[in-house]
Amino acid sequence: MNFYGMTQDDLKAYLKGLGKEQFRAQQIFKWVYERRTIDLEQMLNLSKSFREELKDKLSFDLPKVLSHLKSVDGTQKFLFDVKDGNSVEAVLIPSDGRLTLCISSEVGCNMACKFCYTGKQKLKRRLEAHEIVGQFMQVTDLISPQGQRISNIVFMGMGEPLDNSDNVFKSIETLHDSWGMNISKRKITVSTSGVVPEMWKVAHHKVRLAVSLNASNDDVRTQVMPINKRYPIKDLFAACREYYQATGDRITFEYVMLKGVTDSVEQARELHNLTKSIPCKINIIPFNEHPGADYTRPSDEQIELFHSELMRLGSHVLLRRTMGRDIFAACGQLTSEFDNKPKQMDISNSKIGSVYDRNKNVKTAFTAEGVPRV
Ligand code: SF4
């Protein structure tokens, strides 16, 4: 039994089965998550015989860190061994005083979104809850000596979170638990490609919803995201409206710009009309290249035109600054180590993103090193 796969309620039920008091679960959570001690010998508020018993029953194994890469812009990427020859990646992204961990939920992915590197790798298996919590714990232990702490979690790594919803929401309950890692649910975002029947669970668990939209109409969306055949935009937006009605929380729509496919000014207008009736934010993500990609990144000028048109029309839009592209840690670039994936990418000549400051009405572009361009 892996401890990290159990919510506090699971542990209480487990301990009850062993004839132990319920409050012991809180004591063990406090040792492990707050004091970061997994040595049962140190848990002196548990009796010696109980500690001995737990030694045989509980495992505190975490996914092993196989590699740890750092980008010139401060992004860090971790490759984890999740047993049986499988591995997944997680990315730690610093921005605006936040430290966001992008977590994987599956090894590979069956959604086969055409612009995504993970989508080229078929689903090998869904991660267990302890492997999801384990990514968080490992990164926490690696950064805490530098006085750093993860502030936000996004389920936007490898896999479709709502294709593995039981384990994803179980891990969220533990990460949120005040006796666990105590991360506010306002700071946890679950992203989906549009698994409509599962979307109510995001509202039920009171976490933020991001939808990987990537097109302004069904024809284009079906072309780049096969799931749109099963759950077209009309159904997807009905589920989004239900989420908003249940939570009152604005939805984030992710929109990957693909040259000649999703980057025209007409599509910006169509996107505005599609989303204007729903309280939302649109994140524009210029396509990030990966080996064997079928698409290319639009020119900076075209990205600006698209962005400006949405702003002119009044959409709440953010042109996301691309982070970690030099270490293949940017959006859509994650995968297990397979094929001949390069470890580094030369981005020295590219503009990697910009941010718009609404208050000052100023847009700032960033270089590969993450410093503002003049
Ligand atoms: S974008 Fe997400 S859902 Fe689509 S293939 Fe990639 S990991 Fe899967």
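So, the shell around the ligand: by class we've got six nonpolar, five polar and one charged residues. The classes go like this: Ala, Val, Leu, Ile, Met, Phe, Trp, Tyr, Cys and Pro count as nonpolar, Asp, Glu, Lys and Arg as charged, and the others, Gly among them, as polar. Among the residues surrounding the ligand are Cys 109, Cys 113, Cys 116, Met 158, Glu 160 and Ser 212. Being near here means that a residue's C-beta atom, placed from the backbone, lies within 6 Å of the molecule.

Keep in mind that this is a predicted model: local features need pLDDT of at least 70, side-chain atom pairs count only at pLDDT 80 or more, and totals for chains, interfaces and linings use all residues. Numbering starts from 1 along each chain as its sequence is written.

How confident is the predictor? The protein chain has an average pLDDT of 89, and 90% of the residues score at least 70; pLDDT is the predictor's confidence in each residue, from 0 to 100. Over residues 338-374, though, the pLDDT is below 50. Where pLDDT is low, the predicted coordinates should not be read in detail.

Overall, you'll find 11 helices and 14 strands in the protein chain. Those are DSSP runs, numbered from the N terminus: helices are H or I with at least four residues, strands are E with at least two. Of the 374 residues in the protein chain, 43% are buried, meaning 20 or more other C-beta atoms lie within 10 Å of the residue's own, with C-beta atoms placed from the backbone.

Now look at strand β10, residues 251-257. Seven of its seven residues are buried, so the strand is largely enclosed by the rest of the structure. One side carries Ile 251, Phe 253, Tyr 255 and Met 257, the other Thr 252, Glu 254 and Val 256, and they're all buried.

What are its neighbours? Strand β9 (residues 208-212) pairs with β10 in the parallel sense over three bridges; pairing takes at least two DSSP bridges between the strands. Ser 212, which is one of the residues around the ligand, has Glu 254 in β10 as its bridge partner. Glu 254 in turn is the bridge partner of Asn 283 in β11. β10 and β11 (residues 280-286) pair in the parallel sense over seven bridges.

Last stop, strand β3, residues 87-95, where seven of nine residues are buried.

Technical notes. Two residues are in contact if their C-beta atoms, placed from the backbone, lie within 7 Å. A residue is buried if 20 or more other C-beta atoms lie within 10 Å of its own, exposed if 12 or fewer, and partly exposed in between; C-beta atoms are placed from the backbone.
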